[in-house]
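Notebook open, structure loaded. I want to go through this one piece by piece and jot down what I find.

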Amino acid sequence: MLDERIAHFILGGQKFMNIFRLASLLMVAAAPWLAAQSAAPQWRDLIGKDLTGWVNVNTEKDTWRVENGELICTGHPIGVMRSDRQYENFILEVDWMHVEPGGNSGIFAWSNATPGSNRLPDGVEIQMLELDWVKINKKPDFDPPIAYVHGELFGVGGVKTVPDNPRGERSKSILNLCKPRGQWNHYTVVAVDGVIKLAVNGTFVNGIAKSTHKKGYLCMESEGAEIHFKNLRIMELAPGVTDASQTAPLLQ
């Protein structure tokens, strides 16, 4: 009887050791996969409890503020604040809402964050206009097309791009999906290797390619009207091959 118990203990121990060895082998085999998961791109919020992570370039101290998880811009004066670091390849998501008729704003990607004569920097502008802008800005010799207010993309300050849906040098959205003031709009921006694709409220509708800038700062635009932002977040992707002429200078 005692011999049977000893044999059972030994055999049971051997079974346990076999399971332990198998588990160890599985952990070793899974290590590269686990490491890859930990190194996978992660979302990072760009709006916190305050303006940490942003640098005021040429607006006033009270132009930008954070309230209840929203980044609020008064729109005055015209100018920008920039990210505290540069970005190259990324996915950006943001909700935005105008509160005034014809409000104008946007985000500059791959920017040098240095104001030009119009107080705005270079880069690729991802435009955010309130729908009444086309009505307010009518002139006897100029009737703005509706495409103005539904997420245009274009290079500014000398940055050149090739538009997917040309309206001159700008790229217009192929669907008109933006909502009017008082309602939230959602943008998804995919920026990779000089190419930008824009989804408006859940549908990809616009894009540019062959940008002469491929790495730089994000700039939030103040341009005359109050605008609110929330759920602003970024996922950085693997870098590409970008030379000095395609990269904005580093700022202190």
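Before anything else, the cut-offs I'm using: a residue is buried under 20% relative accessible area, exposed over 50%, and partly exposed in between. I also note that this is a predicted model.

**Entry 1: asparagine 68.** I started in the loop between S3 and S4, where asparagine 68 sits. Is asparagine 68 buried or exposed? Its relative accessibility is 81%, so asparagine 68 counts as exposed. I then looked at its backbone: phi is near 50°, a positive value in a residue other than glycine.

**Entry 2: lysine 210.** I looked up another positive phi, that of lysine 210, which is near 55°. Lysine 210 isn't a glycine either. It belongs to the loop between strand S15 (203-209) and strand S16 (216-222). With a relative accessible area of 66%, lysine 210 is over the 50% mark and therefore exposed.

**Entry 3: overall numbers.** I stepped back to the whole chain. I get 2 helices and 17 strands. The protein has 252 residues, and 42% of them count as buried. The accessible surface is about 13,500 Å², with 58% of that belonging to carbon and sulfur atoms. I also checked contacts between residues at least 6 apart in sequence: 71% of these join residues at least 24 apart.

**Entry 4: cysteines.** How many disulfides does a search of the whole structure find? The search finds 0. A reminder to myself: a disulfide is a covalent bond between the sulfur atoms of two cysteines. I looked at two cysteines anyway. Cysteine 73 has a relative accessible area of 0%, so it is buried. Cysteine 219 is also at 0% relative accessibility and therefore counts as buried.

**Entry 5: around cysteine 73.** Aspartate 62 is in the loop between strand S2 (54-56) and strand S3 (64-67). Its relative accessible area is 57%, so aspartate 62 is exposed, whereas cysteine 73 is buried. The two are 11 residues apart along the chain, and their C-alpha atoms are separated by 8.6 Å.

Histidine 228 was my next stop, in strand S17 (residues 227-236). Along the chain, histidine 228 and cysteine 73 are 155 residues apart, yet 6.4 Å separates their C-alpha atoms. Histidine 228 has 11% relative accessibility, so it counts as buried. Which residues does histidine 228 touch, not counting those up to four places away in sequence? I wrote down Glu70, Leu71, Ile72, Asp95, Trp96, Met97, Val99 and Trp184.

**Entry 6: a cis peptide.** I found a cis peptide bond joining histidine 76 and proline 77, with omega about -10°. Proline 77 is in the loop between strand S4 (70-73) and strand S5 (79-87).

**Entry 7: the largest pocket.** I put its volume at about 220 Å³. The lining has 16 residues, and the closest to the pocket centre are Leu120, Glu125, Phe154, Arg170 and Glu223. Strand S7 (104-111), strand S8 (123-129) and strand S9 (153-156) each supply at least two residues of the lining. Which strand gives the most to this lining? That's S8, with 3 residues. By type, I sorted the lining residues into 8 nonpolar, 4 polar and 4 charged.

**Entry 8: tyrosine 148.** Tyrosine 148 is in the loop between H2 and S9. Its relative accessibility is 13%, so tyrosine 148 counts as buried. Leaving aside neighbours within four places in sequence, I list its contacts as Gln127, Leu129, Trp133, Val134, Phe142, Arg167 and Arg170. Arg170 had already come up among the residues closest to the centre of the largest pocket. I also checked tyrosine 148 against methionine 128: they are 20 residues apart along the chain, with 9.2 Å between their C-alpha atoms.

**Entry 9: leucine 131.** Last one for today. Leucine 131 lies in the loop between S8 and helix H2 (133-136). Not counting residues up to four places away in sequence, leucine 131 touches Val149, His150, Cys178, Lys179 and Pro180. The C-alpha atoms of leucine 131 and asparagine 104 are separated by 9.7 Å, and the two residues are 27 apart along the chain.

Terms used:
Residues numbered from 1 in each chain as written. Predicted model: local features only at pLDDT ≥ 70, side-chain atom pairs only at ≥ 80, totals over all residues. Heavy atoms only, no water. 1 Å grid on protein atoms, 1.4 Å probe; cavity = no way out; pocket = protein on both sides within 12 Å on 5 of 7 lines; lining within 4 Å. Points joined across faces, edges and corners; volume = space filled by probe spheres on them. Helix = DSSP H or I, 4+ residues; strand = E, 2+ residues; numbered from the N terminus. Nonpolar A, V, L, I, M, F, W, Y, C, P; charged D, E, K, R; others polar. Disulfide = S-S within 2.5 Å. Buried < 20%, exposed > 50% of the residue type's maximum accessible area, 1.4 Å probe, protein only. Contact = heavy atoms within 4.5 Å. Areas by Shrake-Rupley, 256 points an atom, 1.4 Å probe, with all protein chains shown as cover.
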